[in-house]
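Reader: Hi! Could you walk me through this one?
Author: Happy to, let's look at it together.

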Amino acid sequence: MARVSIEADQLIVEIEGLGKLWALKSRLVIPLAHVRGATADPGIVKEPKGLRSPGTHFPGVITSGTYRTKEGQVFWDVRDAAKVIVIELTDERYTRLVLQVADPRTTVALVEAAIPTR
Amino acid sequence: MVQSAAELFAERSYDGISIDDLVTHLGLHRNSLYKTFGSKRGLYLAALRWSLDQGVTPLADRIAHAPDAVEGLRIALAAPVGGAGLELLLLASVERAPVDTEVAEIVDRAFAALDSATAAAMGTDGPAPPPGAAVALTALLLGLRLRTRSGDPAAADAVNDACPRWPSVLPSAARQP
C-alpha cells in the first residue's frame, strides 16, 4: 500500500507496511513538474511487467519493486489490483509508478489537480 | 485516434470508460496511451479540445451564417448526433466541468463560441434583441439538443412550431412566414 501526498511542489509517495520490505524502498519524492498524470487502472496488472530488478513478485499475490521495460524502469507496489493507480513520470529514474492506494479516485484527483496545466 | 476517443467519451462518459476500454476500442497499447497523454484525463482533455475545434467551432460558424435564429436552431438540431460535437460538450459540462477547472475552461470557450454564433444568427437589421438573448438562445439550443439525443421528437416540433412565434426573443423570427 502506498500513501500519496503533495507537499509544496513535490509529489511524495510513501510505501507503507510490508510493501516497504518487498519493494526495498520506502519513500519517493518527485517534483510535480515531472509528473505527467495519474489514472486509476486495475487492468494494468494483467499486462506484462518487464524484467524484475530488485524486489518481489509472487504471481497473483504481490508485485513489488522495480521492473525494467522498453520504456524504462517501472516501480510497482501492488497486492490488490482493484486499488491500483498509475502515475506517469518524465525525466525521473522511474518512467511510471504502479501503486496500490486506499482510495484510487481521491488520489488520482489529488495528483491531477496538483500537476501543471497541460 | 483522439477523434475515436472523443466519440467514445461522448457515448459513455468519462467515468464510464476504463483504460481497458480505451485500449480495446482505440487499438492503442497501454504504454503508448500513458507515454502520449500521461493519463486518462490527459487523453480526455485532448479529445475535448479536438471536439471543440473540429465539432463545435464549425457548427458555430454554420449557426452564425444562418439567415435567422430559428434556422440557426434547425442547423444545431440537424447536426449529426453522436460523434464529437455538442454531445461531448453537454456531457463534459455536467460531468467534469464542476470538478475540473481545465475542462470548465474548455466548456466555457465552447459556450462562448455558441453565444457569439447565436448572436450573429439573430442579426442586426431587426429590433435589437434584449440583453442576454444570445445566452438564452444558446441554452434553448442545448436543451433542445439534449431532448433530441434522448429521442424526443417534440424538440424538432418546438423549433418548427413555437420558436417562430417568439419574435421578442428571436427577433429575426418575425421575418418567418
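**Helix packing in chain B**

Author: Let's start with a helix pair in this predicted model: H6(B) and H8(B) are roughly perpendicular to each other, because their axes cross at roughly 105°, and an angle of 65 to 115 counts as roughly perpendicular.

Reader: Nice. Within what distance do the axes of H6 and H8 of chain B come?
Author: The axes come within 11 Å. For orientation, helix H6 covers residues 86–95 of chain B and helix H8 covers residues 133–149 of chain B.

Reader: And which residues make the contact?
Author: On H6(B), Leu86(B), Glu87(B) and Leu90(B) take part. H8(B) brings in Leu142(B), Arg145(B), Leu146(B) and Arg149(B).

Reader: Let's zoom out. How many helices and strands does chain B have?
Author: Chain B has nine helices and zero strands. Its pattern along the sequence reads α-α-α-α-α-α-α-α-α.

Reader: What share of chain B counts as buried?
Author: Of its 177 residues, 38% count as buried.

Reader: And among contacts in chain B with a separation of 6 or more, what share comes from residues 24 or more positions apart?
Author: Such residues account for 66% of those contacts.

Reader: Is Val56(B) buried or exposed?
Author: Val56(B) counts as buried, because it has 25 C-beta neighbours inside 10 Å, and the cut-off for buried is 20 or more.

Reader: Which residues does Val56(B) touch, leaving out those up to four places away in sequence?
Author: Val56(B) touches Ser51(B), Gly85(B), Leu86(B), Leu89(B), Ala110(B) and Ala113(B). Leu86(B) also takes part in the contact between H6(B) and H8(B). As for Phe111(B), its C-alpha is 9.2 Å from that of Val56(B), though the two are 55 residues apart in sequence.

Reader: Great, now the other chain. How many residues of chain A are in contact with chain B?
Author: 15 residues of chain A are in contact with 14 residues of chain B.

Reader: Which elements give two or more residues to that side of chain A?
Author: Those are strand S4 (35–40) and strand S8 (84–89) of chain A. S4(A) gives the largest share, four residues.

Conventions: Residues are numbered from 1 along each chain as its sequence is written. Chains are lettered from A and ligands numbered from 1 in the order in which they are written. This is a predicted model: local features need pLDDT of at least 70, side-chain atom pairs count only at pLDDT 80 or more; totals for chains, interfaces and linings use all residues. Axes are lines fitted to C-alpha atoms, for helices over the stretch in contact, and angles run from 0 to 180 degrees between N-to-C directions. Angles under 35 degrees count as roughly parallel, over 145 as roughly antiparallel, 65 to 115 as roughly perpendicular and the rest as oblique. Two residues are in contact if their C-beta atoms, placed from the backbone, lie within 7 Å. A residue is buried if 20 or more other C-beta atoms lie within 10 Å of its own, exposed if 12 or fewer, and partly exposed in between; C-beta atoms are placed from the backbone.
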